[in-house]
Each structure stands twice: as structure tokens, then as C-alpha cells.
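Here is a note on the model you asked me to look over. The points below can be read one at a time, with the structure open beside them.

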Amino acid sequence: MPRSRSRASLALALGAALTAPLAFTAPASATDQYTVTALKFTVRAGGRTCTIDADLYRPAGVDREHTAPAVLATNGFGGSKSDGSTDAIGKAFAARGYVGLVYSGLGFGRSGCLISLDDPRIDGVGASRLVDFLAGTRAADDGTKADYVTRDGKGDPRVGMVGGSYGGAVQMATAAVDHRVDALVPLVTWNDLAYSLDPNNTVGATDVPGAFKWQWANGFYLIGESQPLTAPNLDPSRINSLACVHFVSDACDTVRTLNSGSYPAAKTGPLLRYARSVSPVSYLCDVQAPTLLVQGQADSLFNLNEATATYKTLKAQGTPTKLIWQSWGHSGGLTDPATGELNLGQGNLETSYVGRRILAWFDRYLQHRKGVDTGPAFAYYRDWIADPNNTYATASRVPSLSQKLYLSGDGKLVDNRKKVARGSREYRNQLVPTSHSESSLTGIVGLPDPAPYDTEGTYLGWTSEPLSRAVEVAGAPRATLKVVSPETERVQNSGNAADKLLLFAKLYDVAPDGTKTLVHRLVAPVRVPDVTKRFTVTLPGIVHRYEAGHRLQFVVAASDDAYFGNKGVKPVTITSAPDDTGVLQLPVVGD
């Protein structure tokens, strides 16, 4: 849980909040059923020799003759093994009969080495050395050995991993370099950091940078670079240079390029390559461990599309995987989950849907109880269901796009091309942001966040008629658009991607009284590859019920203050005709 909401302690507060997804707490009555031993491990990772600080949780009665599987875990970004939200993992699973090994991630707490953004070649290798310890093939620095972990073969311990955010991606990084890992449960983590921090939601435009998510990215950067101050440690393996104190150099270069607001070809390529090289998108082909993915609907940092992309990749290559979209994420519900949801502060594993799924996953793949039902392929939380025992819907796959709506020239969103009116409308950006979706850090430092808004003349909206019945959407809407922007067309091939047009697509729920709700404050930044061509946008995934009498509104805005905006003023015209207009597709369920 966040330890502070002091406005003067932004880095510490943000770091604590990002570790909150790890906060499993063992039942109080079980805390005398295990012992805890502090250990140090000297490892070689990323060309450096450094120490990993860890705690070993050993259940009572577990020994060489009575072995148990192990659970390995580490902190979220900015945290350490000593966080109440991190060491609780060891307590929770030791109380349930698992050997726990909880450690401070590289560059955090009392662990050495630089922060490498969960690079498998660094963080993955470091974690693999801890798997060696669980295998009984290496000792801690003080000589301690673990000869009581269940093994599937010589040097092969039965070990799973669980944790969230930064402690989620490291699981896949570890499994990619060490196939001895038997089960993963990554919560609220990323698929591609290039998308997470600089998203471009244009389908197929993977080489075109997006809009810099400056609040989230600089929050992380501040936390990382302040580590020697917030967690004093003179270990020279933690220090890089005066220009990049605590990260690997490529990470600092990436943030500096993003903050410059410029994407010259010479820098953009390396930027995208590095961010992707340390992301699961680049190495999932090497992940064989059965993976239960849990992603949060309230998450503007790592949205539902990230876990969905990971899920589809793993499933396509035959890696056993299942997907849950829970309610809470980095943008809401971390400290106060909805009734019936996994409450990480209370550790209600047995009494929450997600908690039971996690326990079943480990029963199946760590306890080898083959008859255990690990649940459906896909499940998602519905916040409109009052019964906490019935909030999750399940399906055999992620819902597909099933309903089309058309952008009419008169500003209407219609269900038939024949209803599209001919017409053109224009908006233009200003040199300062004129639309607001969220203040990314506001929930962490305790500041109020204004309701989302768009300034007249700087956006275009298309609104449906009031719905005759409720419509439930579960998944990522998609829009196909064509815009006219002569000023952009003139400069878009300059060699600097920042000269390309930037826009922000989003969906509102408009109540009968006119009140507008931007679901979980999610938007889709788009840097248009070529304004002379039609392009398709995938919006962030949502789970939302549009009630009868409400209206859907699709908006294209010129800016958003959570992101860097356009370079210069670029007027945009969008034209509609029955045979040539924009199309919005929705993944409607329950029909």
C-alpha cells in the first residue's frame, strides 16, 4: 500500500503504489507456521557483479524428506523485499505450504546492479541464479542451502512466480532464460514498453512513434534516479554515471529522447528497439511456463491491450495460458478494491475470484494436481453487477468486434451507411493542451483530478441516438478514419516523426442529463503514418455497460494533457459520405 500521500514525497509515494499489486498477506493465525531467513546472493548480471538481497520463507515441517514447491517473487518499481506489499507474498504462500523466496529487484532496496527495466539478459539472469539456489545447486553467500524444494529432476526445482507491474514482467524475463520455471502469474504488467510509454494505437504502425506518456514515464524516471537518495546504498554496482545515475544508459537515453519531443530517424529507431528488446513482446517465443495473466481495467499505464497481446502470442505458440481482466490497476482500486475483488492488503485468496484462480493455477502446475480446474480461458469483471459473487463473466476467447457504427457528416453516430449525411467538419489544435483525460499521478499523491473535458473547436464528436436497450462492450473498440490536413501533408516526410499528425481517439458514455463519462479515463493516442491514406485505430480495451437511454459518443481530439502533443498547429478536416466515411467497431457481448 502507499506509505505516504505527501505531495513532497512523490517518488516514494509512486514507488509504493506501484508495488501494491504484490500485497498478499498471510492469515494472522498462520504466521507462526514458517521461519524467515535474510540471505544475500552475489551474482553476475549485465556485465556487473552485485548482491541480491532476499528473504527465505520456510514452512514448518518442510525438510529434505518432506519437500514443497517454491514461489519466487520481487517488488514493483521503486519497492524492495521489505515493503509490506512485497514480503507479504512470502508470508501468504509459506502459510499455504510453499517455500517462498522474496527478493529486492536489481537496483532497488539493498540489491545491487543497475535498473534495466526487467531486461531478461540482466534481471532474468539474476532471478535465474535464485532458481539455482532453490534447486540446491548453489548456496547463499553465508552458505545456506535449500535442499527441501520439490524437484522435477536434478537441478530442476518446481518453482512458480507471482507479482505485479515491474514484478510481473520480470517473471516472463526469467522464464525466457530459464525453462525450469514452472508457472507464472503476472499481474498488471506490460507487453511492449514502446507502446506503454509512447503509445501509437494505429494498427500496423509499429515503427512510427506515438505520443509520449510524460507523466507516467517521468514518474518512473524520478523514482529510479533518486534510488541512491531514497534507499541509501554505496554499492558501486548501483552507480552508472553522473548523466545516468541508476539506470542502464539505454534507459536514460530513451527517456531523454522522449522528453525532447523530437523523433529524428537517427534516434527513433534505437529508442523503439531498446524499449522493445527488454519487453515480453520480443522474447515471448522463449516462454514455455504456463501463464495466468491478470490485467486491470482501471489502468492507463498498462491497459488491457497489453495483456491481450501477450495472451494471444502465448496461446498461438502453444504455451498454456489464460487471461483475467480484473477491476483494479495502476489508475484505480489498488488500495480499495471493489467488494469481492482480490484485496491485496487482506490477502483474500480463498474468498475472491482472482485469488482462487491463482491458487488453482499453482495447485495444477506446482502441486501437480492434474484434476484441478484452472478456470475458463477468459474472464472479465463487470462493475454493473451488484452481487459480488457474480461479477465475473467468462468466455472461451476474448470477444471479437461485432457491431459497426458510422461517422455521419452532421456529427451523428449511426448504425447504417444509408443514414450517413454528407458533410465536413474541422478542428485545430492549439499550442497548449486543450483536452484532459487524467492526471496520471493524482491518485497517488492525493490531489483531485478534474473530470475529462475537451475544448470547443479542438475536437470533433459523433454521438448516437439514445440506446433503446443496454449495450455491453468487452474488448478493444476499433475505428477506421480518413483525415485531411494539408499542413501535416506538407511536413510529414521531413525525417522527424514529430512532424506527423497526432490525434487522440476515445469513447464517452453520455447520460440522459448530458453527463459524460470517459470509461476509466482511457484514450488512444495516434500518430498518423500518412494523412493521405486511411488508417485504423485500436482503442484501449474496456468493459462497460452503456445503459438504455444513454448515448455513445466517439471523439477525435487534437491533444491530451497527459501526453506530449502536436508540433505546430495542424488543422484537421474529417469528411463523411454514405460510401466513404469513418467506421467505429465495437466488441458487443450478451446479444
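1. The second largest cavity has a volume of about 110 Å³. A cavity is a set of points on a 1 Å grid over the protein atoms alone where a 1.4 Å probe fits but cannot get out, and lining residues have an atom within 4 Å of a point. Grid points are joined across faces, edges and corners, and a volume is the space filled by probe spheres set on the points. The lining of this second largest cavity counts 18 residues, with Lys-213, Ser-300, Asn-303, Val-523 and Tyr-563 nearest its centre. By class there are 10 nonpolar, four polar and four charged residues. Here Ala, Val, Leu, Ile, Met, Phe, Trp, Tyr, Cys and Pro count as nonpolar, Asp, Glu, Lys and Arg as charged, and the others, Gly among them, as polar.

2. On sources: this is a predicted model, in which local features need pLDDT of at least 70 and side-chain atom pairs count only at pLDDT 80 or more, while totals for chains, interfaces and linings use all residues. Residues are numbered from 1 along each chain as its sequence is written, and side-chain values use heavy atoms, with hydrogens and water left out.

3. Of its 21 lining residues, Phe-77, Leu-117, Leu-193, Leu-197 and Phe-220 lie nearest the centre. The lining has 18 nonpolar, two polar and one charged residues. Which helix supplies the largest share of this lining? Helix 8 does, with four residues. Helices (H or I, at least four residues) and strands (E, at least two) are DSSP runs, numbered from the N terminus.

4. Leu-117, in the lining of the largest cavity, sits in the loop between strand 4 (99-103) and helix 3 (120-135). Its phi is near 60°, a positive value in a residue other than glycine. Leu-117 counts as buried because its relative accessibility is 18%; buried means under 20% relative accessible area, exposed over 50%, and partly exposed in between (1.4 Å probe, protein chains only).

5. Ser-165 also has a phi near 60°, positive in a residue other than glycine. Ser-165 is placed in the loop between strand 7 (159-164) and helix 4, and at 2% relative accessibility it counts as buried.

6. The largest pocket has a volume of about 820 Å³. A pocket is an open set with protein on both sides within 12 Å along at least five of seven lines. Tyr-195, Asn-305, Ala-309, Arg-478 and Thr-538 lie nearest its centre, out of 35 lining residues. Helix 11 gives the most to this lining, with six residues. The lining divides into 16 nonpolar, 13 polar and six charged residues.

7. Asn-303, in the lining of the second largest cavity, caps the N-terminal end of helix 11, with a side-chain oxygen 2.9 Å from the backbone nitrogen of Asn-305. The buried residues of helix 11 include Asn-305, Glu-306 and Tyr-311. Just after helix 11, Gly-318 takes a positive phi of about 90°.

Terms used. A polar contact is a pair of N or O atoms within 3.5 Å; within protein, one must be able to donate a hydrogen and the other to accept it, and residues adjacent in sequence count only if both atoms are side-chain atoms.
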